[in-house]
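Please go through this structure with me in questions and answers.

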Amino acid sequence: MTSPLGALASSRIDIPARRDASPHGYDAGLLLLRLALGLTMAAHGAQKLFGWFGGPGLDGTGQFFTMSGYPAGRTMAVVAGLSETLGGLGLVAGLLTPLAGAAVVGTMINALAVKWGGGFFAPKGVEYELLLTAGAAALTLTGPGRYAVDRLLPGLRAARPVHGVIALLLGVALAGGVLLVRK
């Protein structure tokens with residue numbers, strides 16, 4: 001059988017085979033995303049809970065939540081602060097990643113609702129909150145990669161999309177419930 005390339009096919013040109021991306025490269029990328037997103041969210045939560053990093057603390061955050069139409073502003077500040085801090089630290093460690101990501105997504109949905117209407121770009125826009133929400137949702141769906149505590153947990157050792165989807169649905173439903181009580 002003759003080759004469509006004719007004489008070219010018979011010559012011995014060694015072209016290196018294209019290599020697929022290394023799974024370790026993907027895992028390193030997921031680790032970098034988890035660290036950046038998780039530390040950012042944990043710091044935001046610490047601002048709310050403890051007043052660290054120039055944050056308003058529980059009293060200031062509670063007043064903001066009350067002014068934004070949430071009942072029991074201080075309680076909502078605790079919920080948001082814990083969701084951000086624990087969700088962020090969970091992402092950093094890659095611990096219970098679907099739930100950690102869903103906690104961040106749920107909190108950020110409420111942040112988007114509060115800031116909605118200010119356009120897309122900063123300082124009043126939602127670009128930052130949208131980026132954090134998308135990053136957390138992506139990690140929730142993909143899993144943390146190999147460099148994570150979840151790799152030591154039998155049920156979470158391998159990323160399962162169903163865990164991510166269920167966690168995201170839970171986060172969105174809880175965020176929606178919180179938004180329903182907002183005036």
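Q: In which helix does Leu131 lie, and is Leu131 buried or exposed?
A: The model is predicted, so local features need pLDDT of at least 70 and side-chain atom pairs count only at pLDDT 80 or more, while totals for chains, interfaces and linings use all residues. Residues are numbered from 1 along each chain as its sequence is written, and side-chain values use heavy atoms, with hydrogens and water left out. Leu131 lies in helix 6, where helices (H or I, at least four residues) and strands (E, at least two) are DSSP runs numbered from the N terminus. Buried means under 20% relative accessible area, exposed over 50% and partly exposed in between, with a 1.4 Å probe and protein chains only; at 63%, Leu131 is therefore exposed.

Q: What separates the C-alpha atoms of Leu131 and Leu37?
A: Along the chain, Leu131 and Leu37 are 94 residues apart. Their C-alpha atoms are separated by 9.7 Å.

Q: Which residues does Leu37 touch, not counting residues up to four places away in sequence?
A: Contact means heavy atoms within 4.5 Å. With residues up to four places away in sequence not counted, Leu37 touches Leu91, Leu132, Gly135, Ala136 and Leu139.

Q: Which helices do the buried residues of helix 6 pack against?
A: Helix 6 covers residues 127–142. Its buried residues include Leu132, Gly135, Ala136 and Leu139. The buried residues of helix 6 pack against helix 2 (23–50), helix 4 (73–93), helix 5 (97–115) and helix 7 (161–180).

Q: How many residues has the largest nonpolar core?
A: A nonpolar core is a set of buried Ala, Val, Leu, Ile, Met, Phe, Trp, Tyr and Cys residues joined through side-chain atoms within 4.5 Å. In the largest one, Leu37, Leu91 and Val104 have the most contacts inside the core. Helix 2, helix 5 and helix 6 each supply at least two of its residues.

Q: Which residues does the second, separate core include?
A: This core has seven residues. Among them are Leu58, Met76, Ala77 and Ala80.

Q: Which residues is Thr61 in contact with, leaving aside its neighbours within four places in sequence?
A: Thr61 is found in helix 3 (residues 57–67) and counts as buried because its relative accessibility is 4%. A polar atom of its side chain lies 2.7 Å from the backbone oxygen of Gly57. Leaving aside neighbours within four places in sequence, Thr61 is in contact with Lys48, Pro56 and Ala77.

Q: Why is the pair of Phe65 and Tyr70 edge-to-face?
A: Rings of Phe, Tyr and Trp (its six-membered ring) pair if their centres lie within 6.5 Å; planes under 30 degrees apart count as stacked, over 60 as edge-to-face and the rest as tilted. By this rule there are five aromatic pairs. The ring centres of Phe65 and Tyr70 are 5.2 Å apart and their planes are at 65°, so the pair is edge-to-face.

Q: Is Phe121 buried or exposed?
A: Phe121 forms an edge-to-face pair with Phe120, at 4.9 Å centre to centre and 85° between the planes. Phe120 has 41% relative accessibility and so counts as partly exposed. With a relative accessible area of 57%, Phe121 is exposed.

Q: How many helices does the protein have?
A: From the N terminus on, the elements run α-α-α-α-α-α-α. There are zero strands, and the number of helices is seven.

Key: A polar contact is a pair of N or O atoms within 3.5 Å; within protein, one must be able to donate a hydrogen and the other to accept it, and residues adjacent in sequence count only if both atoms are side-chain atoms. The expected span of a helix is 1.5 Å times one less than its number of residues.
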